[in-house]
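Here are my notes on the model you passed along.

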Amino acid sequence: MSAFRSDITNGVAVITFDLPGSPVNTISTSVATEFGAVLDEAERNPSVRAMVLISGKRDSFVAGADIEQFGRLTSQAEAEAMSRQAQAMMDRVEGLLKPIVAAIHGACLGGGYELALACDWRVATDHDKTQIGLPEIQLGIIPGAGGTQRLPRLIGVRAALDLILAGKSERASKALRLGMVDELVPPSTLRATAIHAAQRLADRGASERRPGGGIAGALLDRTPIGRRIVYSRARQTVLKKTGGHYPAPLAALEVVQAGLEHGMPSGMREEHRRFGELAVGDVSRKLVQIFFATTALKKDDGVEGAAPADLPPVRRLGVIGAGFMGAAIAGTAALNARVEVRLKDAELERVGRGIKSAIRVLDDRFKRRRLSKPEHARLSQLVSGGTDWSGFRRADLIIEAVFEDLDVKRAVLAEVEQETSGHTVFASNTSTIPIADIAGESSRPEQVIGMHFFSPVEKMPLLEVIPHAGTSDESVVRAVRFGRRMGKTVIVVRDSPGFWVNRILLPYMNEAGVLLAEGVPVDLIDGVITRYGFPVGPVTLLDEVGLDVASKAGAVMHQHFGARLEPAPVLQRMLDDGRQGRKNRRGFYRYENGDKKGVDETVYKALGVQPLDDAAPTMVEQRLIYAMLNEAAMAAGEGVVRSARDGDIGAVFGIGFPPFRGGPLRQIDDLGPARVVEVLHGLEIAHGERFKPAAHLVEMAERGESFY
Ligand code: 3H9
């Protein structure tokens, strides 16, 4: 079956791209060959004056090169050839003797947008689904089909670098403002507008665009000195952001620069050369694995076998507890799942504050122009609240975000069961309390589940869904699907203390506490971890989470796991000194006007230590990272996560484990379980039993197994 069909309307060949058997259009070798033949024919046909390229898929134009192909690349030369071929495809489009217009609806990404860039004119729909950009950097590669060359020439070097180096995609309205597309239309008129544009171009025979960017554009984008300033700033930003761990953004910058300073052919050569190098590199391999893991999770309902049929979606959500977490859950649900949300709290004043802060989530989107004014108004109206149970009877899902205390949560559940109908699923947003304990006295335990959100809810991409042994499949599927509608990547984890994310985080945080108690300086600890690739170090994290909260979580884990997870005494010393972290502006760091400043040097006195000046960074890194790897192996061995994939995604999205390392389980595979066991043995001898290698890891090492 062919990926293209062509029909002629008033002298315009409308070429519809509809890749058989695939949910989205992607570009591969065979597609490129076939497309070439279609273009040849349209060019030869005397009754064709111009062309339109449109997609036959419902909500996507072209999603880029076929990412599956990357995994099959065996050499740099092969990857380079792939890019050269894609460049040739786009050159062919650009060199057509008849004008061609891209009619864009839905995802127009990577190679898809590079294809549109090679066209003479771009019409896009003003629909939510339309997103346009070059996300290659997020896959550890650079645009390899001419995007690094055509985009800066179209929209100016500053705007182009801003997009390419961050791997950003834009909604249609912003894309129009930037000049990435030329016209916006409603979906119903896309085809007709594109045909009209094609005819217009055929009549006039020339492109209609002028360079944009105003005076700054003239000075910075269009003079060599101006561009040098732009390159140097971009370089600094990239280095700061990537910490040197991600080679693709710098490569992209150099390729853009080569093209603008030495001409397009030179830029194209650099583009395919660097693409080839990066596509077979380790970082790209890891990021591509994460892409596929995330995509697979979008379809995974979290139960064995098929999900129960005919499960109606959640239409109304109840949230109990209008504090920081509850309000953020309510706001995010209104924003992304677009359901009615009812907030409940004991005092009216708290309800009022909760509704306000829920709506702040929407305000933020509106300010960033991600939400129109009417949308903002409509979504704001979805959030209501009160101190009684009105509105809860019809709720399909209720999430409680009350005080982290078993008796309180049980009392809330008992009341909910009295006040609501039989179909309501009750989810507890707890971070430490076992769900089975909360469900212990429930009259409908099959409808009790955990939904562990991470703070700030509107930003953190992960959600842990935790069924207890008696939770029904139906409740699991409801919670997972709703989490996804809230925009989360959802992993289903076993009901055990700390679940997955906090479980693997805790030993690492504890080890940071032990290091602090030994006098290792705060900034040294955080520094080695950010250099390892985490966004923040464990001491900063303690300040952010709050020392009171961390200490409570630590106590729960200690109680369950015993001496191995005994908290270091530093947290208590900090609390005794009135230090709760950022929340009371007294922690390991100084806070001024809401901003984090340097280390608070008075903290060492509170800790009762002299900061060491000879602590070895490699030793510090090893102790912290291996504490986490060991716990991850142990928890994975206990079946806390359903797969290594879930475990790694949980670590990457939940605690910022460096994506270029793939996740803790992938990291163990890379190091080799035997080597990890060996290092842990050494640490055990030097620092104590808490480093004893997990039995699961030892078995894996003996059997020569790996997680993947
Ligand atoms: C590139 O273009 C390089 C070039 O510069 C140079 C080349 C030389 N390839 O996410 P969904 C599949 S790099 C292969 O569930 P949604 C996906 O796996 C590429 N497969 O839907 C899934 O398959 P299945 C740059 C792809 O509506 C199905 O489509 N492009 C690709 O939530 C549905 O996906 C990108 O980075 C692909 N390119 O989101 C865009 N894209 O059903 C990556 C999708 O069998 N893609 N699939 O599991 C996305 O961001 C989202 O998938 C998209 C749709 C927004 C398109």
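1. A word on labels before the rest: helices here are DSSP runs of H or I, at least four residues, numbered from the N terminus. Keep in mind that this is a predicted model.

2. On that numbering, His 272 sits in helix α12, which spans residues 264-279. Buried or exposed, by its relative accessibility? His 272 comes out at 10%, and the cut-off for buried is under 20% relative accessible area, so His 272 counts as buried.

3. Who does His 272 touch? Setting aside neighbours within four places in sequence, the contacts of His 272 are Glu 80, Ser 83, Arg 84 and Gln 87.

4. Now the ligand. It has 29 residues around it, and the closest are Gly 111, Glu 114, Glu 136, Lys 298 and Lys 299. By type, the shell splits into 16 nonpolar, eight polar and five charged residues.

5. Some polar pairs to check in your viewer: a side-chain atom of Glu 114 is 2.6 Å from a ligand oxygen. A polar backbone atom of Gly 111 lies 2.8 Å from an oxygen atom of the ligand, and a polar backbone atom of Ala 63 is 2.9 Å from a ligand nitrogen. As for cover, the ligand on its own has 1000 Å² of accessible area, and the protein covers 77% of that.

6. Which elements supply at least two shell residues each? They are α2 (67-72), α3 (76-94), β6 (107-109), α4 (111-118) and α13 (282-297). Helix α13 gives the largest share, three residues.

Definitions and conventions. Residues are numbered from 1 along each chain as its sequence is written. This is a predicted model: local features need pLDDT of at least 70, side-chain atom pairs count only at pLDDT 80 or more; totals for chains, interfaces and linings use all residues. Side-chain values use heavy atoms; hydrogens and water are left out. A residue is near a molecule or strand if one of its heavy atoms lies within 4 Å of it. A polar contact is a pair of N or O atoms within 3.5 Å; within protein, one must be able to donate a hydrogen and the other to accept it, and residues adjacent in sequence count only if both atoms are side-chain atoms. Accessible areas come from the Shrake-Rupley method with a 1.4 Å probe; for residues, only the protein chains shown count as cover. Ala, Val, Leu, Ile, Met, Phe, Trp, Tyr, Cys and Pro count as nonpolar, Asp, Glu, Lys and Arg as charged, and the others, Gly among them, as polar. Buried means under 20% relative accessible area, exposed over 50%, partly exposed in between (1.4 Å probe, protein chains only). Contact means heavy atoms within 4.5 Å.
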